[in-house]
Amino acid sequence: MPGPLTATPKLWNAKSARLRCVGIREEAPDVRTFRFEAEDGSWFSYRPGQFVTLELPVGPQPVLRTYTLASTPSRPHHAKITAKAQKDSVGTRWLFGRLRVGDALTAHGPSGRFSLLDHPAEHYLFLSAGSGATPMMSMARWLFDTAPQTDVVYIHFARRPQDLLFRSELGYMAEAASGLRPRFVVTGAPAGEGWTSGRLDRALLSALCPDIAGRAVFCCGPDRFMDVARRLAAELGVPAARWHEESFGATPAPVPAVSPIAPPVEAEGMQVAFARSGRRAAVLPGQTVLEAAEGCGLRIPTACRQGLCGTCLVRKLKGEVRMEHNGGIAEDEIAEGWILACCSQPESALVEVEV
């Protein structure tokens with residue numbers, strides 16, 4: 001339960017934190033919202049549109065999955081994820097079938113640069129399909145609480161009317177916040193009360209948002225949807241600098257087997273030292289800190305293995321690395337000495353990390 005109100009509340013920082021489920025809500029067929037509180041009673045602190053990585057105890061080793069926070073940091077006592085369980089989704093199916101109110105999970109994050117706070121503008125278009133609505137809802141809720149007059153056109157696509165996410169809440173928000181204009185599109189059914197029928201094309205996008213060229217566009221959804229939306233936005237005059245999209249990219253690379261015994265350390269060459277565990281490993285050119293850890297039996301939580309999700313964030317204590325990430329770490333974190341283990345290659349004889 002959250003702790004008592006204090007003048008200076010403790011702020012949650014989920015580089016690794018335990019979250020307890022305090023509510024589960026059905027949103028649509030195969031879509032549920034899971035509401036969490038921090039076990040230590042701290043307040044949630046993140047940027048609207050960011051995501052976290054959850055450790056899900058699916059098997060002998062946890063499965064790590066990333067989920068956007070659909071909630072807003074302006075309501076800091078709880079955080080929400082809204083997830084859709086696909087037929088072949090191992091992690092989300094576990095959430096639906098096994099997670100109960102009162103259960104706790106380990107979370108890593110928050111991560112991601114898909115936030116209107118990182119790309120401020122006077123006029124926005126939030127464009128989403130399916131569960132891509134979750135970061136849009138986080139940003140819409142933030143604006144509703146902090147700047148309700150902000151000019152936002154919110155367009156959401158779904159296959160069926162019952163699949164439209166957050167329609168009732170957005171309707172309420174639009175009545176109370178004069179700047180928000182929600183638009184709903186159903187692709188597989190006739191038009192009805194409160195939604196348009198059609199597919200994403202130039203004519204429909206122009207009709208729903210005639211002044212798109214003057215807006216900062218945030219887009220999230222299936223890859224094919226975003227490909228079409230990106231092309232249409234460019235054709236309608238949206239500069240590349242005002243186009244922002246969220247995608248977790250390709251399927252994560254397979255995790256190599258972890259040896260339970262540390263390999264011998266060569267006298268020469270580059271080495272990675274793991275301060276907390278007291279282990280040390282030799283690394284070959286091109287190997288990453290994550291691979292060095294796995295090679296000597298250490299587990300650093302990781303999900304995407306592409307420098308995107310931010311799950312493998314570790315603090316570097318000594319040495320130099322070359323880190324080629326894809327947005328999973330912020331500049332202020334780099335300045336504080338943090339690195340992403342999955343995409344950091346040692347460049348000095350010794351690199352020491354806090355693992």
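Two strands are taken to pair if DSSP finds at least two bridges between them. Helices (H or I, at least four residues) and strands (E, at least two) are DSSP runs, numbered from the N terminus. The structure is a predicted model, in which local features need pLDDT of at least 70 and side-chain atom pairs count only at pLDDT 80 or more, while totals for chains, interfaces and linings use all residues. Residues are numbered from 1 along each chain as its sequence is written, and side-chain values use heavy atoms, with hydrogens and water left out.

Confidence is given by pLDDT, the predictor's score for each residue, from 0 to 100. The protein chain averages a pLDDT of 88. Of the residues, 91% score at least 70. Residues 249-267 stay under 50. For this stretch the model has 32 contacts (heavy atoms within 4.5 Å) beyond four places in sequence.

Strand β8 spans residues 104-111. Eight of its eight residues are buried (under 20% relative accessible area, with exposed over 50% and partly exposed in between; 1.4 Å probe, protein chains only), so β8 is largely enclosed by the rest of the structure. Strand β2 (residues 17-28) runs antiparallel to β8, joined by four bridges. Here arginine 20 stands opposite alanine 104 of β8. Strand β5 (residues 51-56) also pairs with β8 in the antiparallel sense, over four bridges. Glutamate 55 has threonine 106 of β8 as its bridge partner.

β5 has a further antiparallel neighbour in β6, joined by six bridges. In this pair, valine 52 stands opposite tyrosine 67 of β6. The two strands form a hairpin, with six residues between them. In a regular strand the side chains alternate between the two faces of the sheet.

Helix α1 covers residues 90-98. Its buried residues include Gly91, Thr92, Trp94, Leu95 and Phe96. Among the elements that cover the buried residues of α1 are β3 (31-38), β5, β6 (63-68), β7 (79-84) and β8.

Two further helices pack together. Helix α2 (residues 133-146) and helix α3 (residues 167-176) meet at an angle of about 30°, with their axes 11 Å apart. Axes are lines fitted to C-alpha atoms, for helices over the stretch in contact, and angles run from 0 to 180 degrees between N-to-C directions. α2 and α3 are therefore roughly parallel to each other (angles under 35 degrees; over 145 counts as roughly antiparallel, 65 to 115 as roughly perpendicular and the rest as oblique). The contact is made by Met137, Ala140, Arg141 and Phe144 of α2 and by Glu169, Leu170, Tyr172, Met173 and Ala176 of α3.
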